[in-house]
Amino acid sequence: MRAMQTLVAIIGFGSIPFAALGETAAEPDLEYPVPILAGANYDPDIPTLESLLGFSVGKRIAAPAEIEAVINAYAKASSRVAVFEYARSYEGRGLYYVAISTPANIARLDEIRGGWAKIGDPREIEPDDADELLQQLPAVAWMAYSIHGNETSGADAALALAYHLAAARDPQVEALLRDTVVLIDPMMNPDGRHRTSEQLAQHRGRQRNIDDQSLLHTGYWPWGRTNHYLFDLNRDWIYGVNPESRGRIAAAGGWNPLLFVDAHEMGAQDTYLFSPPRDPHNPNFPPSLGPWVERFAEDQARAFDANHWPYYTGEWNEGWYPGYSNAWAGLRGAVGMLYEQASVDEDGILRADGSVLTYSQAIHHQFVSSLANLQTLHANADQLKRNFLEIRRAAVGANGPYARRSFAILADGNQGRIERFVDLMQLQGIEVYRLTQPLMTRARDQLGRTSSVRLPVGTLLVPNRQPEANLVATLLEFDPRMPEETLKKERRELLMRNDSRLYDVTSWNISMMFGLEALELPIALPQQVEPVSTTIAAQVAVDGTALAYVFDGRDDRSVAAAARLAVRGLTARVGEKEFTLDGTAFARGSVVVTRYDNRDEQELAGAINAVAAQLKIAPTAITSGWGPGDAPDLGGGYFVRLTAPTIAVLARGGIRPYDYGNVWKLLDQDIGIRHSQIDEALLAETDLRRYNVLVLPDRWQGELDSAAVERINDWVAAGGTLIAIGQSAAQLAQPDQGVDAVRALPQALEELQTFELAVLREAMADQDTRLGDSVWSHGVTTDYRFPWPADADWPEIEELQKRDDWLKLFMPQGAFVAARVDTEHWLSFGSPATLPVLYGNAPVLFSAPPAETPVRLGAYRPAADAQSSAAGEDEAVRRAGWLALPDEQGLDLRMSGLLWPEAAQRMAHGAYLVRETVGDGQIILFAAPPSFRGATLGTMRLLANALVYGPGFGSSQAIRP
């Protein structure tokens, strides 16, 4: 006991604040009558939770340091327990899983994990050997808790479960551990839990609090749900952006568990939800798992019934999005079970019926659920092991559902993005190959068009037929579709309740997220391939003596290179056009560092070598500035000198934490330059002259006040670059708020003729038509037709607003739409002519000159039977949505996900990215967040261009002596 008292003293959590003030009066409504760990026979040599923590289970939440100390104490005290660190958070906290089983199983954990790896890939083991190995392997369960830091009861229940399994001497527990390896992931988000713990400590008082509207229970911006950069880690299972997720994907995936539990919390006035989810279900979910999820749920329900606890399944919980933990695990062959406990945080919550739900009871619910699921796994282990093997055999079978399909990722010179794609696939356990010879095949592109193609050497191929076939299909197939019955239910919900039954985005295709051109091939993996590993560009040290050094603009890392060189004091330039130097062709947007601009060879070499090593990108040395033919020469005006960005990002107040976090991480981790975060409440006191770039992330409530907007606009006019996203952009698009030539719906309805002409002008600028006959004619034509409709037959404004109100009902939850790109604009460096854009219920903007619109929603396609948009008196005007179509053109919009026709009508031709000059500065608007979950690399490049290149390209800078 003395040792345990010492442990409590060392970690410093022996008592709660205010204890010295004396005990408060008895509070019977907060006394939970059933001890969480009652009734078991525990080994007295294993320290209890109360002895380790200094307080009883449920008295308050255990902080991250306490959790770490407890699990390590159990590993030291019990031969049943081993602890493994699988990741470190951004703030340096450890993430661990705790293996609990018999001492004999603990001694052979590597052998057990290796055995399940063989079962997970049936190609590597003979069928008879696999059947025999199944009999020898214990079942594996991964029990995960509190991925959202402010959903606290799960982690405390995990500690109770760990103690129970480590110390209980009951025959039932001993039998469970003999046949099962239980892996407990007690705290999936230590940074978020730490933030929550700090907020609770700040609002904890002598008197206990049961009001769910009180700060003790609500918290404040940015709350504790997310990790350090405010990412929702339970949406990151398929993207692997954050270190917590990357470590967990590798660790959990390496074990091939049969059961995967994920314990959450929900609204304080709710009860308890667990799996199975309702429709829609992801179409690649293994069908054999559905009945098993039902079986686990039935046993869990019986455990709740025995305690007279309320619960439910389904309702708001649907199974479409695959980026949740239980969905990800199911696609790998595990039974995924979700828990959602009514949130308490600590003390208790007064409920609408007058009862009080205590924090201890919330922990007890999670504990009982965990034990019930483990007991179901133990009772059905043989069948579940066999089912897992059959799922994997179907995945690799020659006649399996995925046997004759592969996905091709086309090499586009963006090596950094290609490497990130390969890295993600390999993190997920997915095999990637590279063509060693050209391949002729039929293919379907991301807009559903089928044709014969010749794939060049170097094309990446991902065969669907492989052990993770269900996950491959989910991540890479372009256009999974919901059943008709699901669509009918969703449409009814929209029409009757103005609400959606869908809980998250409806599209997540990785090639579209990454902005990579991809094809679906109706073939198995061909012979002319080789396996791919993540390739790192060879690092070639430079000596600073060359005329110039170039980072190719096709690679996203070139933007970070420009930024990092600038903050090191070097001068960099960016090529506005493609150019060729020393026989090497470089893309527009390439970063050039010249000796002329940077005279100190040693400083130049040191900076370039350091930045190249950080980004794992190799610059090209140039010895001549001569561009052959019409190609730009290095000393000409096409090489724009950059101004080092000094960036501020608005935070707190009405700013949406998720979008702020995405911008923050992009700047801090990906681009890797210093920046400032400005509290919205202190904006009036902030000297904006320190910055040349200001970012207004998307908003979740309210608007900036008029004084703040006026102050920001004065700063812009003096030469600043303002970047506004989502609802922040919509505010600036209002009259007298910032920009003059951009409007958001519904205000844009008053200027449709202006916006229509702008769209037609852009289309005419890109038309490939013969001009010579008309230009060199001596006569004046008598049949000239203006490009806009002769009769602008829009209804009255009241009718237009009525129509917009109707169409707005159907805006998407999150779907990929095709956007056309002005490939000559500096904001679109590194972008293809058609760019996938993830669009949710965001503002719809329309723009006209003098505003520039580098990215607009909708990709043109030939429509040979289409009439001219310049309709005559007897011809109907062809419009896609609000605006006319160019001659002989149709418009493609939906790429993937649920996009109702009404939403497509509302969004067509919308301006996704707009730039407008204001005085000596500029305002750049993104209609929807370009950085979504840190994974939309295609649109993130647009934002990076704006952040880093804006001060050099779009604003006027004074010449300094």
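Let's start with strands β20 and β23. β20 covers residues 573–575 and β23 covers residues 591–594; two bridges join them, and they run antiparallel. R573 has V592 of β23 as its bridge partner. Strands here are DSSP runs of E with at least two residues, helices are runs of H or I with at least four, and both are numbered from the N terminus. Two strands pair if DSSP finds at least two bridges between them.

A word on the model. It is predicted, so local features need pLDDT of at least 70 and side-chain atom pairs count only at pLDDT 80 or more, while totals for chains, interfaces and linings use all residues. Residues are numbered from 1 along each chain as its sequence is written, and side-chain values use heavy atoms, with hydrogens and water left out.

Back to the sheet. β20 and β23 belong to an open sheet of five strands, with antiparallel pairing. The order is β24-β19-β23-β20-β25. At the edges sit β24 (620–622) and β25 (639–641), and each pairs on one side only. On average, neighbouring strands are turned by 30° against each other, direction ignored. Helix α29, residues 937–953, packs on this sheet. α29 touches β20, β23 and β25, and its direction makes about 90° with that of β25. Such angles run from 0 to 180 degrees between N-to-C directions; axes are lines fitted to C-alpha atoms, for helices over the stretch in contact.

Some pairs in detail. β3, residues 139–145, runs parallel to β4, with six bridges. M143 has I184 as its bridge partner in β4. β5, residues 259–266, runs parallel to β9 and is joined to it by eight bridges. β6, residues 272–274, runs antiparallel to β9, with three bridges. Which residue of β9 is the bridge partner of A263? Y339 is the partner of A263. Y339 is also the bridge partner of F274.

How well is β9 covered? Eight of the eight residues in β9 (335–342) are buried, meaning under 20% relative accessible area with a 1.4 Å probe and protein chains only; over 50% is exposed, and in between is partly exposed. In a regular strand the side chains alternate between the two faces of the sheet. In β9, V335, M337, Y339 and Q341 point one way. G336, L338, E340 and A342 point the other way.

Contact means heavy atoms within 4.5 Å.

Now the α8 and α14 pair. Two packed helices are described by the angle between their axes and the distance between the axes. Here α8 (171–179) and α14 (359–379) cross at roughly 60°, and their axes come within 10 Å. The two are therefore oblique to each other. The cut-offs: under 35 degrees is roughly parallel, over 145 roughly antiparallel, 65 to 115 roughly perpendicular, and the rest oblique. The crossing of α8 past α14 is left-handed: the near helix is turned anticlockwise from the far one by less than a right angle, and clockwise would be right-handed. Q172, A175, L176 and D179 of α8 meet L374, Q375 and H378 of α14.

Compare α20 and α21. α20 (557–567) and α21 (601–615) pack at about 140°, with axes 10 Å apart. That makes α20 oblique to α21. α20 passes α21 in a right-handed crossing. From α20 come R557, A560, A561, R564 and L565; from α21 come A607, I608, V611, Q614 and L615.

Last stop, strand β16. L460 and V462 are buried on one side of β16, and L461 and P463 are buried on the other. Four bridges tie β12 (406–409) to β16, running antiparallel. F407 has V462 as its bridge partner. β13 (433–435) is antiparallel to β16 as well, with two bridges. Y433 has L461 as its bridge partner.
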